[in-house]
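Welcome! Let us take a friendly look at how charged side chains pair up in this model.

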Amino acid sequence: MNEALLELDGLKVYFPVKGGVLLRARAENKAVDGVSIRIEKGETLGLVGESGCGKSTLGKAVVRLLEPTAGKVRFDGRDISHISRRQMKPIRRDVQMIFQDPAESLNSRHTVGSLIGEAFEIHGIGEPDWRKRRVVELLEQVGLPAAAADKFPFEFSGGQRQRIGIARAIALEPKLVVCDEPVSALDVSIQSQILNLLLDLQEQMGLSYLFIAHDLAVVKHISDRIAIMYLGQLMEVGGADEVYAHPKHPYTRALIAAIPEPDPSRRHRAKEVLEGDVPSPINPPSGCVFHTRCPSAARRCETDKPLLRDVIASDRVAHQVACHFDLQAGQRESVR
Ligand code: SF4
């Protein structure tokens, strides 16, 4: 096993749900509910799940935009779970984030040059001339012309704005970049350009990525390993090719079945498409949180929570699944 850059140990992020005249906390939204996972140096971990499964909340807790409720976030060997803003400042150089909507994350009243160079000012890096030169280098590194520095974000297309967001994220030469749905809002042709840019930058800079998306096909393209998340918990973790080719968890199979399949001979996968809505994280199902939608659920699933356990993988990368049973594709373990 290689050296870990990021380790999450039983991470929980709960939000109070307030109600009544006095707006007292009445319940908790368990957005992230006990996630343990690691990212090695130079590795890309893809985190996949339906909208509202807690994956973006997990990403924000990693960069400490959100405070963990419980559990640990360890970065480069240091516990950063509850350190202060001041203590976090030097670590921010090493942990950056790319957001889904660059239009929202880029202040439209600032030029692209000042938006990218802002990080140098905050961290007191370089003189003004050096900063300007460095901004131009960064623009070129993400495939934009030097003249872009004097323009405003609204003068660019969605794909170009995401390139600006990426230039900002890599300005301080971080070790880890949390990519929160960075291509979801882009056309398919532009998506592949941005994914290839991220891969090139990873090779040039030795970056590690936590790549968050709801589209398993996109995640497979860029990831070394994939983690599947449902209602704040991990359902399956393994090598990207292995999970895609030999999914063990019914939820992973359903996500793969939902990917449009141009080959008619493989359209049988559509049988495993999920029905029903994702339950509320305020009142998640008992036992296996997936049991209310699982076609293979047995009585035991309603009461016993399955832990992530090792299963045999053909690619020698650890493969784990949170299910009581060793289910084959299309198999029903038991009928309730
Ligand atoms: Fe389905 Fe039960 Fe496995 Fe959960 S533990 S995924 S409900 S079979």
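## A bridge across the sequence

Lys175 and Asp76 join their side chains in a salt bridge, at 2.6 Å from N to O. Lys175 sits in the loop between helix 6 (158-170) and strand 7 (176-180), while Asp76 sits in the loop between strand 4 (70-75) and strand 5 (78-79), so this pair ties together parts that are 99 residues apart in sequence. Here a salt bridge means a side-chain nitrogen of Lys or Arg within 4 Å of a carboxyl oxygen of Asp or Glu. Helices (H or I, at least four residues) and strands (E, at least two) are DSSP runs, numbered from the N terminus.

Lys175 is partly exposed, with a relative accessible area of 34%, and Asp76 is partly exposed too, at 28%. For these words, buried is under 20% relative accessible area, exposed is over 50%, and partly exposed is in between (1.4 Å probe, protein chains only).

## The wider picture

The structure holds 16 salt bridges. Lys175 and Asp76 also belong to a network of salt bridges that links them with Glu3 and Lys41.

Asp79 and Lys72 form another salt bridge, at 3.8 Å from N to O. Asp79 is partly exposed at 33%, and Lys72 is partly exposed at 35%. Arg38 meets Glu40 in a salt bridge at 3.7 Å, N to O; Glu40 counts as buried, at 16% relative accessibility.

## About the model

This is a predicted model, in which local features need pLDDT of at least 70 and side-chain atom pairs count only at pLDDT 80 or more, while totals for chains, interfaces and linings use all residues. Residues are numbered from 1 along each chain as its sequence is written, and side-chain values use heavy atoms, with hydrogens and water left out.
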